[in-house]
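Here is my note for a first look at this structure. Please keep the sequence and the 3D view open as you read.

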Amino acid sequence: MARVRDFLRSVDLTLAGLDAPAVRLWVEHDERGEIIGSTGFEVSADGRNALIRSVAVAPGRRAAGAGSRLARHALDEARASGADRAWLFSRRSGPFWQSLGFARADRHELAAALPDAHQVVLFTQTGQLDREVAWSRVL
């Protein structure tokens, strides 16, 4: 888990709750065993909503479709787990998420759908929620 945290920290993603039972996380390694990508989601208490998180590709590996592949994996796994809506926070990657069918959403609606999600709790406690951009799509 320390290597995953180091990777996510290096690409400036939120680390809150990574080892919580509701968080599912996958990593991709290169031939040397280095982490080159990650993806995951956190499911709501009722199982109907999934917060997509930790989707990242190492800088030297970007622009080859890995991000889309990793994001689709999280979406497929969230759907298979029973979720019918995916949500996420992203201030920098709107066009990427739009290409995967996401549309801008109300951040407070996201927080209401996933009140116990670690990012929601953290962002609410720190006041960061009001600076975030929310996205959503049907699964």
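1. W26 stands opposite T39 in strand β2. Strand β1 (residues 23-29) and β2 (residues 35-43) run antiparallel and are joined by seven bridges. Strands are DSSP runs of E, at least two residues; helices are runs of H or I, at least four, and both are numbered from the N terminus. Five residues lie between β1 and β2 in their hairpin, where G33 takes a positive phi near 90°.

2. The model is predicted: local features need pLDDT of at least 70, side-chain atom pairs count only at pLDDT 80 or more, and totals for chains, interfaces and linings use all residues. Residues are numbered from 1 along each chain as its sequence is written, and side-chain values use heavy atoms, without hydrogens and water.

3. An open sheet of six strands has the order β1-β2-β3-β4-β6-β5, with mixed pairing. Strands pair if DSSP finds at least two bridges between them. β1 and β5 (103-105) are at the edges with a single partner strand each, so one side of each has no neighbour in the sheet.

4. Three bridges join β5 to β6 (residues 134-138), and the two run antiparallel. A105 stands opposite A134 in β6.

5. Which residues of helix α1 (residues 2-10) are buried? They are V4, F7 and L8. Buried means under 20% relative accessible area, exposed over 50%, partly exposed in between (1.4 Å probe, protein chains only). The face turned away from the buried side of α1 carries the exposed A2 and S10.

6. Just after α1, D12 takes a positive phi of about 65°.
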